[in-house]
Amino acid sequence: MLQSRRLDMMTISGDLTLVNSCIVAMLLFMNIHKAGAISINYQDALSKSILFYEGQRSGKLPSDQRVTWRRDSGLADGRLASVDLTGGYYDAGDNVKFGLPMAFTVTMLSWAAIEYGNQMEQAGELQNMQDAIRWGTDYLLKTAAGPTELWTQVGDGQSDHRCWERPEEMDTPRTLYQVNISSPGTEIAAETAAALAAASIVFNATNATYSAQLLQTSVSLFKFADRYRVSYDRACPFYCSFSGYSDELLWGAAWLHKATNNDSYLLYTIHNSSNSYTINEFSWDNKFAGVQVLLSKIYFSGVSALDQYKRQAEWFMCANYPGSSQTSVSRTPGGLLFIRGVNNAQYVTGASFLLAVYSDYLNNSQQSSIQCGAINVTADELYSFAKSQVDYLLGDNPLQMSYMVGFGDKYPQQVHHRGASIPSMLIHPQKVGCGDGYTYWYGRNSSNPNVHVGALVGGPDHNDNFRDVRNNYDQLEPTTYMNAPLCGLLARIGSGK
């Protein structure tokens with residue numbers, strides 16, 4: 001009897017092993033992976049993170065627009081100066097088009113496509129990613145009015161923020177702002193140059209003519225930025241640069257070298273390396289860490305003169321990696337990197353993208369690890385930590401909620417976003433005026449009528465707490481530049497390679 005029971009248990013165990021193997025194979029096929037106590041479908045998250053950009057579009061929407069609660073908007077943008085400035089993106093939950101964060105968004109979407117385009121293609125999302133990039137670059141080309149003129153903003157931030165209106169019927173001033181010889185802005189000119197150079201790489205194989213146009217405009221804007229060195233903070237009403245213009249100039253030169261293979265741009269970064277310094281964050285304002293990681297790849301190819309950038313890139317890795325004596329970034333009790341309470345997720349996705357990219361650079365070089373104080377950190381460990389940050393944002397956290405709208409079973413309902421919080425004009429065609437929006441929709445304690453699928457919100461506070469109330473913009477406002485690095489991370493993680 002005992003012998004028979006042992007045989008039965010062995011059979012059951014064998015069957016369970018077979019069943020478990022099949023389940024694992026099925027999950028891998030579906031691109032679903034376990035993260036802590038939850039399952040995360042990274043391919044679904046990737047699709048939604050790219051779809052988010054269609055909900056941020058300004059201008060005449062195309063016939064294949066998938067976010068159908070949005071309609072045409074800003075069709076008269078630029079008319080005050082007899083120019084066409086339609087298109088582009090609203091950066092967040094408002095209805096203004098800010099040039100600096102928009103250009104950074106395009107740069108990061110392009111970098112994501114450059115690094116992980118093959119993975120995006122395997123997931124069936126490369127075309128959607130290219131469409132998202134081109135919606136931005138088509139607009140940025142319009143903003144480059146000449147070799148020394150760049151339109152930098154459409155809309156008045158002050159009046160816009162006093163109104164809660166759908167973009168389709170906004171009636172606040174569409175004020176135009178520009179940098180030029182008499183009022184330069186090095187940061188935004190150099191960032192736009194970086195965006196166009198990076199995008200030119202994305203389109204080089206599929207549309208050489210368009211790629212060349214992007215690159216030509218990029219070269220012109222970089223000359224303007226470098227020749228007239230004046231900080232943009234003198235000419236900008238919003239999204240001013242607090243880190244100075246050295247990072248944008250190095251960033252623009254690095255991308256132009258990558259796009260042209262012209263050594264003059266590489267020499268520019270070498271000759272100006274003293275302007276680069278160590279930093280523990282990466283954002284639309286401060287790109288030093290991005291420059292350092294980007295140039296590290298060239299260092300690994302044999303350009304030893306870039307050693308300083310490589311060392312600074314590794315300082316950034318150690319500053320963000322837990323357990324290192326060089327760690328200078330705090331984490332929430334649940335393990336999320338925490339820099340600031342306002343839109344903190346932007347620093348999380350930015351740092352995680354650089355960690356993942358650098359881990360790939362290490363694995364493709366003869367150096368497989370870095371030294372962080374007393375500990376040695378392998379490339380795989382850097383990647384695993386980056387992945388843990390993404391997993392947290394997608395639901396593997398103390399609250400067991402996803403901070404990406406429309407992803408998972410539990411996600412933010414009252415996103416701080418004008419268009420999402422007021423019924424679509426298809427359902428509610430009656431005008432919602434400036435004050436009406438605040439009176440009837442902004443303060444309404446109910447879920448948004450439009451689910452802004454794929455929007456990553458600012459996320460929890462330093463104690464993992466989160467308050468899902470629409471006026472809590474620090475935690476609930478999505479931005480284009482928070483999602484951009486996440487697109488690349490999800491393509492990398494979802495592919496498993």
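Contact here means heavy atoms within 4.5 Å. This is a predicted model: local features need pLDDT of at least 70, side-chain atom pairs count only at pLDDT 80 or more, and totals for chains, interfaces and linings use all residues. Residues are numbered from 1 along each chain as its sequence is written, and side-chain values use heavy atoms, with hydrogens and water left out.

**View 1. Helices α10 and α11 cross at roughly 125 degrees.** Helices (H or I, at least four residues) and strands (E, at least two) are DSSP runs, numbered from the N terminus. Helix α10 covers residues 288–300, helix α11 covers residues 307–320, and their axes come within 8 Å. Axes are lines fitted to C-alpha atoms, for helices over the stretch in contact, and angles run from 0 to 180 degrees between N-to-C directions. The angle makes α10 oblique to α11 (under 35 degrees is roughly parallel, over 145 roughly antiparallel, 65 to 115 roughly perpendicular, the rest oblique). The crossing is left-handed: the near helix is turned anticlockwise from the far one by less than a right angle, whereas clockwise would be right-handed. From α10, the residues in contact are A289, V291, Q292, V293, L295, S296, Y299 and F300. From α11, they meet D307, Y309, K310, Q312, A313, F316 and M317. By class, this contact has 10 nonpolar, three polar and two charged residues. Ala, Val, Leu, Ile, Met, Phe, Trp, Tyr, Cys and Pro count as nonpolar, Asp, Glu, Lys and Arg as charged, and the others, Gly among them, as polar.

**View 2. Helices α6 and α8 run roughly parallel to each other.** The axes of α6 (residues 186–203) and α8 (residues 246–260) come within 8 Å and cross at roughly 20 degrees. This crossing is left-handed. Helix α6 brings T186, E187, A190, E191, A194, A197, A198, S200 and I201 to the contact. Helix α8 brings E248, L249, W251, G252, W255, L256, K258 and A259. The contact has 10 nonpolar, three polar and four charged residues.

**View 3. Helix α12 is largely enclosed by the rest of the structure.** Of its 19 residues, 18 are buried (under 20% relative accessible area is buried, over 50% exposed, in between partly exposed; 1.4 Å probe, protein chains only). Helix α12 spans residues 345–363 and reaches 27 Å from first C-alpha to last, close to the expected 27 Å. The expected span is 1.5 Å times one less than the number of residues. S359 lies in this helix and is buried, with a relative accessible area of 1%. Leaving out residues up to four places away in sequence, S359 touches A379, L382 and Y383. Its C-alpha is 9.6 Å from that of A386, which is 27 residues away along the chain.

**View 4. Helix α17 is followed by G496.** Buried residues number 15 of the 16, so α17 is largely enclosed by the rest of the structure. Phi of G496 is positive, near 75 degrees.

**View 5. S82 and Y239 have positive phi values.** Most residues other than glycine have a negative phi. Phi of S82 is near 60 degrees. S82 lies in the loop between α2 (42–51) and β3 (97–98). S82 is exposed, at 71% relative accessibility. Phi of Y239 is about 50 degrees. Y239 lies in the loop between α7 (208–227) and α8. At 19% relative accessibility, Y239 counts as buried.
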